[in-house]
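Here is a short briefing to read alongside the model. Take a look at the structure, then work through the points below.

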Amino acid sequence: MSNRAASRRWRLQPNPIVVKELRSRMRGGRAFMLLTGFLLGLGLVGYGLFLRATTGQNNGAPIFSAQVGQTLFAGLAFMLLFLVILIAPAVTVGAISSERERLTYEMLIATNLPSHRLLWGKLISALSYIALLLLAAIPLGSIVFLFGGITVRHVIQAAVIIVLSAITSAMLGIWASAMTGKTGRAAVVSYVIIGLVLGGFLFGAEIWTNRSTDPVPTGLLAPNPISALASSLGTLSGPNSSGMAFEGIPRAAGGGPGWWPGSNPFSNAGLDFPGWQTFSIGIYPVTDQFGPDGMPIIAEPRSVWRITLIILIMACLAFFWMALHAVKPRRRWMPTWGDAAMLSVTSLSLLGLGFWIGWWFR
Amino acid sequence: MSELAIQTVDLLRRYGKYTAVNNLNLSITPGSIFGFLGPNGAGKTTTLRMLAGLLEPSSGQVFLHGQLIQKTSTAAAIVGYMPDFFGVYDDLRVWEYLDFYARCHGIEPAKRKSTVDGLLDLVDLSEKRNAFVQHLSRGMQQRLCLAHALVHDPKILLLDEPASGLDPQARVELRELLRTLRDMGKTIILSSHILNELEDICTNFGIMARGQLLAQGSLETLRQRSRPALQIKVLDDLERAMRLIGAQAGVLRVLEPAEETPNLIEVEFDGNEQQAAQLLLNLARAELPIADFHREDDSLERLFLQLVNDHVTEEQR
């Protein structure tokens, strides 16, 4: 059977790596224990957020149901973001290196399976497990709909940011696994990079706001999925006791762009959960105008999440490309026509998309 | 290019300054079992990996059934490769393990089950079909690994130390299996340290040392290169015995006794039986305590040691 004929044949078949990984991964109790722990953790966080959002009621303050829904939604969205970003590399750091470590790698690459199918298989099998976690979280997450206060647009935006972050995070794990060849080393590399991206950029934004009155540069916000999610959720509801802007519900209550917290009926509560102030740092540019109550008018949150999506897609492609070459047994770093084609199509698509929608300039 | 199963042309592989394989020219005919011999670090595994397309040669070419190997996928279609050290996937059943490799080779779903069943039957693991691979014995795992290399019905099998770690019973079974595969028309390259076992099943041999192919051909061809030898066990007065032996007709060289056999003198000897008898008589007349006196056989092991020692001595000069 010629190579081409073999390729044609298995192109129509399920990816062998996915079949094998799903067969072996779901055996035993480990996968189910992780799923149970994940849901329990998420449930506990949700319950904690609910208690926190309703504490004002015990003091006699009015609480809007929508406010509880928004706080729950935002809190759970952040929780999910952190969990998938942290779990995805844990599932993928052994993708290539564990094959080397348990001496199955040579047998695998000595088959007709092309490198890209090997990597896709590893990525899809890892993501399918993460997708299982996310799907299992849907019933829990759907509780927020009982309270209201969120729109479908916000749900979709948050889902896109979380899913793309999970894919990038999984791809980072595969890249580290292919490049280092050791699972332990790959885990260290992956989590250091994740720590630097999540914490480093927030820290940079914090320093910037402390030292300058200028808005935080987009370069410090856009690469960070936390800032991206905050910028998306920031339009949901806004001000807490520290005074932040509002868009969605405040507008319905008579507000609009250039809102000031004093006129916001939710202003004494808003999105109120631990970390929100840190996560949303640099997202709300303060203007030099003041409202009738003397409070500074705060502009709409910056839509950095759009640029984040592009950065995540590009990071995914870069990680995939490097991993693809690293797993090749021969002529690893020799550029191929496939590389050139991928680079051209990706660059043109991103440029076209960016200019057409104007994402680069918003 | 004539239709040899395997041909290498000036194959060379360097790791930095170290040359693992040095201008290797192999010619292996279809349907033969080629025994690849050499001490540790001789370059056998490196050669097999280059033949399997897993390692890029620094220079030189590999032809498999006349096809120049430039990509792993080209070799993968022709070759079944069993590495010297291999692992198994935990939490997979025996049939799933073979099914996985069948999928990796793009075997059609309709054919996959019969392929897996046929291979399990061939390697005598049908009864273990639903067992988890990590629970198989070492010998069974070895047979399973061999089955994995056969899943796409390759013309050439590259087996790197397939008998290492096996008990005598499992070795016998493996030998039988290799004979069956030879009868199926496969060309097999087999590297091993267990020389007397290779002697039984291999039709051709290649002897490597320090990256170089010292000799290749059938056992008969190799035997022609072998120098006849005598082994003489002298219980005392070894120095006098060696001097006396060295002065006899037909003696080419007297080798120093090895540390582990301090009384055993090996003599390269091309004399006839008359001269051998005279040598023994002279030793007896000199009243040397001779405990043993015999001609060495033409075993593969002796030939192997002779070639390797000659090569090492030559390099040291």
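Setting aside neighbours within four places in sequence, Lys186(B) is in contact with Gly31(B), Ser32(B), Leu150(B), Asp153(B), Pro154(B), Lys155(B) and Leu181(B). Keep in mind that this is a predicted model.

- Where does Lys186(B) sit in the chain? Lys186(B) belongs to the loop that runs between α6 (168-183) and β9 (187-191) of chain B.
- Is Lys186(B) buried or exposed? The relative accessibility of Lys186(B) is 6%, so this lysine counts as buried, the cut-off being under 20%.
- The side chain of Lys186(B) makes a polar contact of 2.4 Å with the side chain of Asp153(B).
- A polar atom of the Lys186(B) side chain also lies 3.0 Å from the backbone oxygen of Pro154(B).
- Asp153(B) and Pro154(B) are both among the residues listed above as being in contact with Lys186(B).

**The helix α3(B)**

- Why can α3(B) be called largely enclosed by the rest of the structure? Ten of its eleven residues are buried, so the rest of the structure largely encloses this helix.
- The buried residues of α3(B) are Val94(B), Glu96(B), Tyr97(B), Leu98(B), Asp99(B), Phe100(B), Tyr101(B), Ala102(B), Arg103(B) and Cys104(B).
- That list takes in charged side chains too, including Glu96(B), Asp99(B) and Arg103(B).
- After α3(B) comes Gly106(B), which has a positive phi, near 75°.

**Where chain B meets chain A**

- How many residues does each chain bring to the contact? Chain B brings 42 residues and chain A brings 29 residues.
- About 3200 Å² is buried between chain B and chain A, and carbon and sulfur atoms give 54% of that area.
- Between the two chains there are three salt bridges.
- One of these salt bridges links Arg23(A) to Asp99(B), with the closest N and O atoms 3.1 Å apart; Asp99(B) is also one of the buried residues of α3(B).
- Nine residue pairs are in polar contact between chain B and chain A, with both residues at pLDDT 80 or more.
- On the side of chain B that touches chain A, α2 (72-78), α3 (94-104), α4 (109-122) and α5 (138-149) of chain B each supply at least two residues.
- The largest share of that side, eight residues, comes from α3(B).
- Sorted by class, the side of chain B that touches chain A has 22 nonpolar, nine polar and eleven charged residues.

**Chain B overall**

- Chain B has 15 strands and eleven helices.
- Of its 317 residues, 50% are buried.
- For contacts in chain B between residues at least 6 apart in sequence, 68% join residues at least 24 apart.
- Chain B has an accessible surface of about 14300 Å², and 46% of it belongs to carbon and sulfur atoms.

**Chain A overall**

- Chain A has two strands and 17 helices.
- Of the 362 residues in chain A, 49% count as buried.
- Among contacts in chain A with a separation of 6 or more, 76% are between residues 24 or more positions apart.
- The accessible surface of chain A is about 16500 Å², and carbon and sulfur atoms account for 69% of it.

Terms used. Residues are numbered from 1 along each chain as its sequence is written. Chains are lettered from A and ligands numbered from 1 in the order in which they are written. This is a predicted model: local features need pLDDT of at least 70, side-chain atom pairs count only at pLDDT 80 or more; totals for chains, interfaces and linings use all residues. Side-chain values use heavy atoms; hydrogens and water are left out. Helices (H or I, at least four residues) and strands (E, at least two) are DSSP runs, numbered from the N terminus. Buried means under 20% relative accessible area, exposed over 50%, partly exposed in between (1.4 Å probe, protein chains only). Contact means heavy atoms within 4.5 Å. Accessible areas come from the Shrake-Rupley method with a 1.4 Å probe; for residues, only the protein chains shown count as cover. Buried area is the accessible area (1.4 Å probe) that two parts lose on being put together, summed over both. A salt bridge is a side-chain nitrogen of Lys or Arg within 4 Å of a carboxyl oxygen of Asp or Glu. A polar contact is a pair of N or O atoms within 3.5 Å; within protein, one must be able to donate a hydrogen and the other to accept it, and residues adjacent in sequence count only if both atoms are side-chain atoms.
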